[in-house]
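Subject: Structure handover

Hello,

Here is the structure for you to look over. My notes on what turned up follow below it.

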Amino acid sequence: MGHTTKEEDEVVALIPARSLDSMLFFSDKGKVYSEKVYQIPDADRAAKGIPLVNVLSLDANERVTAAIAVSNFSSHGFCMLATGRGKVKRVDLEEFASVRPSGLIAMTLEEGDHWAGRA
């Protein structure tokens with residue numbers, strides 16, 4: 001009952017997080033968005049929830065492909081990013097400690113390439 005979805009929706013991942021953690025959302029356009037967990041609206045187990053576009057400032061046709069919860073940016077080390085064409089990048093997680101509401105370009109993508117991340 002807690003994961004009942006509409007026909008076009010699916011549960012991709014359940015991510016454990018604490019109220020004071022930051023959630024990092026990585027999009028298929030190479031951008032990262034950050035939101036404190038306590039700012040994401042609560043819902044009871046039978047609720048349908050709200051679309052992620054109501055929480056983040058996603059661009060048109062932009063999809064979130066991965067998400068992680070971070071409690072302390074300085075103690076987590078690095079984040080590994082990869083694209084569909086095999087381009088990889090290692091980023092110090094502290095660089096994502098202060099992400100603007102409009103997002104931050106985590107990795108520049110070449111024409112026709114896409115983000116390979118998955119939650």
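Start with Met 107, which is found in the segment after E6. Strands here (E, at least two residues) and helices (H or I, at least four) are DSSP runs, numbered from the N terminus. Met 107 counts as buried, at 1% relative accessibility. Buried means under 20% relative accessible area, exposed means over 50%, and partly exposed lies in between (1.4 Å probe, protein chains only). Leaving out residues up to four places away in sequence, Met 107 touches Lys 29, Gly 30, Leu 81, Ala 82, Thr 83, Lys 87, Val 88, Lys 89 and Trp 115. A contact means heavy atoms within 4.5 Å.

Before you go further, two points on the source. This is a predicted model, where local features need pLDDT of at least 70 and side-chain atom pairs count only at pLDDT 80 or more, while totals for chains, interfaces and linings use all residues. Residues are numbered from 1 along each chain as its sequence is written, and side-chain values use heavy atoms, with hydrogens and water left out.

Overall picture

The protein chain has 0 helices and 6 strands. Along the sequence the pattern reads β-β-β-β-β-β. The C-alpha trace spans about 40 × 35 × 20 Å along its principal axes. Buried residues make up 30% of the 119. Of the contacts with a separation of 6 or more, 59% come from residues 24 or more positions apart.

The sheet

Four strands form an open sheet in the order E3-E1-E2-E6, with antiparallel pairing. Strands E3 (64-70) and E6 (104-105) stand at the edges with a single partner strand each, so one side of each has no neighbour in the sheet. Two strands count as paired if DSSP finds at least two bridges between them. As background, strands of a sheet pair through backbone hydrogen bonds, either parallel or antiparallel.

Strand E1 covers residues 22-27 and pairs with E3 in the antiparallel sense over 6 bridges. Within that pairing, Met 23 stands opposite Ala 69, and Phe 26 has Ala 66 as its bridge partner. On the E2 side, 5 bridges join E1 to E2, again antiparallel. There, Leu 24 stands opposite Ser 34. E1 and E2 form a hairpin with 3 residues between them. Gly 30 sits in the turn and has a positive phi of about 85°. Gly 30 is also among the residues that Met 107 touches.

How well covered is E1? It is mostly covered, with 6 of its 6 residues buried. Ser 22, Leu 24 and Phe 26 lie on one side, and Met 23, Phe 25 and Ser 27 on the other. In a regular strand the side chains alternate between the two faces of the sheet.

Side-chain pairs

The count comes to 1 aromatic pair. Phe 26 and Phe 96 form it, edge-to-face, at 5.8 Å centre to centre with 75° between the planes. The rule is that rings of Phe, Tyr and Trp (its six-membered ring) pair if their centres lie within 6.5 Å; planes under 30 degrees apart are stacked, over 60 edge-to-face, and the rest tilted. The partners are 70 residues apart: Phe 26 is in strand E1, and Phe 96 is in the loop between strand E5 (88-92) and E6. Phe 26 is buried at 4% relative accessible area, and Phe 96 is buried at 2%. Phe 96 and Met 107 are 11 residues apart in sequence and 12 Å apart in space, C-alpha to C-alpha.

The count of salt bridges is 1. Asp 59 and Lys 31 form it, with the closest N and O atoms 3.7 Å apart. Asp 59 lies in the loop between strand E2 (31-36) and E3, and Lys 31 is in E2, so the pair ties together parts 28 residues apart in sequence. A salt bridge needs a side-chain nitrogen of Lys or Arg within 4 Å of a carboxyl oxygen of Asp or Glu. Asp 59 is partly exposed at 42% relative accessibility, whereas Lys 31 is buried at 15%.

Best wishes
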